[in-house]
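Please open the model in your viewer and keep the selection tool at hand.

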Amino acid sequence: EQDQALYAMAYYMNKLDYPLECIAPLLRRAISLAPDSRLYRVSLAVLCARSGRWDEAYTLFAPLDVAELRCQTCVRFMARVFDHQGDAAKRDQALARLEQLAHDRRRMVGAAQVDEGGKRNDVGLSVDASFNRRVRGE
């Protein structure tokens, strides 16, 4: 659980505009405690990319399977890093995933329904339901 506390600290420090030099050690430590966490790795990679630390961002992104990522912003950063580092194959995979995520999002929004009271009942409710199922272990 220490890794979660470190990530939470890094998350809020980022929100408060702390510099990368203060945040990165927390994320690196969280990664060392939970090396399989994509969340920690992607968070540090995005921060590195934003700071122009392309080599470090590439090292963090490269081993990840882009098909497992659902965050469009993260995949967009991934594509930029791969492009910057000259890895056309990985860039193209990231761009294809970005298209797939955009398509999925359009489909979900298009599937929005109106409930019995005439109120819009869209994606947020399905996300909440999915979260609730995970919490219950379904």
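Rings of Phe, Tyr and Trp (its six-membered ring) are taken as a pair if their centres lie within 6.5 Å, with planes under 30 degrees apart counted as stacked, over 60 as edge-to-face and the rest as tilted. Select Tyr7, Tyr11, Tyr12 and Tyr40, which ring pairs link into a cluster. The model is a predicted one, in which local features need pLDDT of at least 70 and side-chain atom pairs count only at pLDDT 80 or more, while totals for chains, interfaces and linings use all residues. Residues are numbered from 1 along each chain as its sequence is written, and side-chain values use heavy atoms, with hydrogens and water left out.

**The whole chain**

Colour the chain by secondary structure, where helices (H or I, at least four residues) and strands (E, at least two) are DSSP runs numbered from the N terminus. The chain holds seven helices and two strands, in the order α-α-α-α-α-α-β-β-α from the N terminus on. Of its 138 residues, 33% are buried, a term that stands for under 20% relative accessible area, with exposed over 50% and partly exposed in between (1.4 Å probe, protein chains only).

**The aromatic pairs**

A search of the whole structure finds five aromatic pairs. Zoom in on Tyr7 and Tyr40, whose ring centres are 5.3 Å apart with the planes at 25°, so this pair is stacked. Because Tyr7 lies in helix H1 (residues 2-15) and Tyr40 in helix H3 (residues 38-50), the pair ties together parts that are 33 residues apart in sequence. Tyr7 counts as buried at 18% relative accessibility, and Tyr40 counts as buried at 5%.

Next select Phe61 and Phe82, an edge-to-face pair with 6.4 Å from centre to centre and 65° between the planes. Phe61 belongs to helix H4 (residues 54-61) and Phe82 to helix H5 (residues 72-84), so that distant parts of the chain, 21 residues apart, are linked. Phe61 is buried, with a relative accessible area of 0%, and Phe82 is buried at 3% relative accessibility.

**Helix packing around H3**

Show helix H2 (residues 20-33) together with H3: the two pack at an angle of about 155°, with their axes 9 Å apart. The axes here are lines fitted to C-alpha atoms, for helices over the stretch in contact, and the angles run from 0 to 180 degrees between N-to-C directions. H2 is therefore roughly antiparallel to H3, given that angles over 145 degrees count as roughly antiparallel, under 35 as roughly parallel, 65 to 115 as roughly perpendicular and the rest as oblique. Residues that meet across this packing include Leu27 and Ile31 in H2, and Tyr40, Ser43 and Leu47 in H3.

**A last stop: Ser43**

Which residues does Ser43 touch, not counting those up to four places away in sequence? Select Ser43, which is found in helix H3, and display its contacts, meaning heavy atoms within 4.5 Å: Ser43 touches Tyr7 and Leu27. At 18% relative accessibility, Ser43 counts as buried.
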